[in-house]
Amino acid sequence: MADSSPPASRAVCTARAFPGNLVITAAEPEFAGQFGLSTREICGRRLLDLLYSPAPSRLQEQFIALSSGRRPRFTEKVTGKDGAGGLFHADITAISVRGRRGETSGVVVLLHHCTSAAPAPLQASEPSPADDEPVLNALDAQVLEGVARGESTVQLASRLYLSRQGIEYRIGQMLRRFDAPNRPALVSRAHALGVFAPGQWPPRVLPTRIKP
C-alpha cells in the first residue's frame with residue numbers, strides 16, 4: 001500500500017441523495033485516497049465538505065436538482081484537498097440512481113482527476129479483462145446501462161419489452177454477483193471494476209464485457 005502511488009484518473013463513490021446533506025455511504029479506495037482518507041474514514045462525511053467549486057451555490061443547486069429528480073446527471077469542475085494539504089483539480093460526474101418506485105435512491109459520483117499526463121499512457125494502462133472479471137450477457141448489459149442512467153423498473157421493462165418481475169430478477173442477480181446491497185452500489189461497483197466505458201454518457205458497457 002504505497003502512499004507515493006500517483007492519483008487514479010478515475011474514482012467512484014456513492015453518496016446519499018438528500019438535498020444539502022449528500023453524506024457519503026460508500027467509497028472506492030481510489031476515491032478516498034484522493035483526499036488522504038481511507039474508505040472507512042470518508043464514510044459519513046458530506047461530499048460538499050470535500051469538494052470546492054468556483055460557484056459553490058451552483059454546485060449545491062446541481063445536487064439538489066439531481067436528488068429531487070429534476071435532472072438525471074451533471075458534470076462540474078471542482079477542487080479538492082489531498083492528504084498533504086495540497087490542492088488538486090478534477091471533473092466530477094454525478095448520476096442519479098432510481099429506486100423501484102422511480103424515486104431517487106442514491107447518487108453515484110465519478111471523480112476524474114485532472115493531470116497533465118498525455119492520453120496515450122492512460123490508454124496503455126487500461127487493463128484487459130481477466131478471467132475473473134465480470135462479463136455480462138447482452139440483455140443484462142442493457143439492464144445495467146439503464147440502471148446507471150437512472151431508469152426505473154417500469155421504464156426498463158417498457159424499453160426492453162420485459163416484465164417488471166423479469167427486470168427485478170436480473171437486477172437481483174447482478175446485485176448478488178457484484179456483492180452490492182442496492183442499485184447505487186451496483187453502479188458504483190460496476191464503474192470500479194471497469195465494466196463501463198470511461199467518460200461516456202449515456203453509460204455503455206464495454207464490448208469486451210459482453211458475451212459474444
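Me: How many salt bridges does the structure hold?
Reply: The model is a predicted one. A salt bridge here requires a side-chain nitrogen of Lys or Arg within 4 Å of a carboxyl oxygen of Asp or Glu. By that criterion, the number of salt bridges in the structure is 7.

Me: Which residue forms a salt bridge with aspartate 49?
Reply: Aspartate 49 is partly exposed, its relative accessible area being 44%. The closest N and O atoms of the pair are 2.9 Å apart, and the partner is arginine 46.

Me: Is glutamate 151 buried or partly exposed?
Reply: The side chain of glutamate 151 meets that of arginine 159 in a salt bridge of 3.2 Å, N to O. Arginine 159 has 34% relative accessibility and counts as partly exposed. For glutamate 151 the relative accessibility is 14%. Buried means under 20%, so glutamate 151 is classed as buried.

Me: How many residues apart in sequence are the parts that glutamate 168 and arginine 183 tie together?
Reply: The side chains of glutamate 168 and arginine 183 form a salt bridge of 3.1 Å, N to O. Glutamate 168 belongs to helix 8 (residues 164–177), while arginine 183 belongs to helix 9 (residues 183–192), so the pair links parts whose separation in sequence is 15 residues.

Me: Is arginine 183 buried or partly exposed?
Reply: Glutamate 168, with a relative accessible area of 24%, is partly exposed. Arginine 183 has a relative accessibility of 6%. Because the limit for burial is under 20%, arginine 183 counts as buried.

Me: Are the rings of phenylalanine 63 and phenylalanine 74 stacked or edge-to-face?
Reply: The two ring centres are 5.0 Å apart, and the planes stand at 85°. Planes over 60 degrees apart count as edge-to-face, so the arrangement of this pair is edge-to-face.

Me: Which helix and which strand hold phenylalanine 63 and phenylalanine 74?
Reply: Both residues are buried: phenylalanine 63 at 2% relative accessibility, and phenylalanine 74 with a relative accessible area of 2%. The pair ties together parts that are 11 residues apart in sequence, because phenylalanine 63 and phenylalanine 74 lie, respectively, in helix 4 (residues 56–67) and strand 4 (residues 73–81).

Me: Which residues do ring pairs link into a cluster?
Reply: A ring pair requires centres within 6.5 Å. Such pairs link a cluster made of Phe31, Phe35 and Phe88.

Me: Which side chain does threonine 79 join in a polar contact of 3.2 Å?
Reply: Threonine 79 lies in strand 4 and is buried, with a relative accessible area of 18%. Beyond its neighbours within four places in sequence, its contacts include Leu50, Tyr52 and Phe88. The polar contact of 3.2 Å joins the side chain of threonine 79 to that of histidine 89.

Me: Which residue of strand 6 is the bridge partner of threonine 93?
Reply: Strand 5 (residues 87–98) and strand 6 run antiparallel and are joined by 9 bridges. Strand 6 (residues 104–113) has 8 of its 10 residues buried, so the rest of the structure largely encloses it. Within strand 6, the bridge partner of threonine 93 is leucine 110.

Notes:
Residues numbered from 1 in each chain as written. Predicted model: local features only at pLDDT ≥ 70, side-chain atom pairs only at ≥ 80, totals over all residues. Heavy atoms only, no water. Phe/Tyr/Trp six-rings, centres within 6.5 Å; stacked < 30°, edge-to-face > 60°. Helix = DSSP H or I, 4+ residues; strand = E, 2+ residues; numbered from the N terminus. Buried < 20%, exposed > 50% of the residue type's maximum accessible area, 1.4 Å probe, protein only. Pairing = 2+ DSSP bridges. Polar contact = N/O pair within 3.5 Å; in protein donor to acceptor, adjacent residues only side chain to side chain. Contact = heavy atoms within 4.5 Å.
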